Amino acid sequence: MANVEFEGKSFEVDEDGFLLKFEEWTPEWVDYCKAGEGIKELNEEHQKVLDFLQDYYKKNGIAPMVRILSKVTGYKLKHIYELFPSGPGKGACKMAGLPKPTGCV
């Protein structure tokens, strides 16, 4: 596994760049990831998605299915892709500190 260094923090990541330990998530991780997503600044909609993903993961130990994410946030899948260009699995879950979802390319 690899380590990513960013703003004085070290993050252990898998071969796809996802955090290996959810507990190591920090706001600096979001800053690191958002550049790769092409996001300049997070807005309330980004934060709503990230908060839901983290809460769901804490309760269930897995990432939610996309339809659950869409239903709970009220955002259509197209809008989630506008917020996170690489998608809800690769972009949003990665930024939220979740492990790579099953079936994520």
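Predicted model: local features only at pLDDT ≥ 70, side-chain atom pairs only at ≥ 80, totals over all residues.
Residues are numbered from 1 along each chain as its sequence is written. Local features require pLDDT of at least 70 and side-chain atom pairs pLDDT 80 or more, whereas totals for chains, interfaces and linings use all residues, and side-chain values rest on heavy atoms, without hydrogens and water.

Strands S1 (residues 2-6) and S2 run antiparallel and are joined by 5 bridges; strands (E, at least two residues) and helices (H or I, at least four) are DSSP runs numbered from the N terminus, and two strands pair if DSSP finds at least two bridges between them. Glu5 stands opposite Ser10 in S2. The hairpin has 2 residues between its strands, and Glu7 adopts a positive phi near 45°.

Gly17 is located in the loop between S2 (9-13) and helix H1 (27-37). Gly17 counts as buried because its relative accessibility is 17% (buried, under 20% relative accessible area; exposed, over 50%; partly exposed, in between; 1.4 Å probe, protein chains only). Beyond neighbours within four places in sequence, Gly17 is in contact (heavy atoms within 4.5 Å) with Trp29 and Lys94.

The axes of H1 and H5 (residues 87-96) lie 8 Å apart at an angle of about 165°, with axes fitted to C-alpha atoms over the stretch in contact and angles running from 0 to 180 degrees between N-to-C directions. H1 and H5 are therefore roughly antiparallel (over 145 degrees; under 35 is roughly parallel, 65 to 115 roughly perpendicular and the rest oblique).
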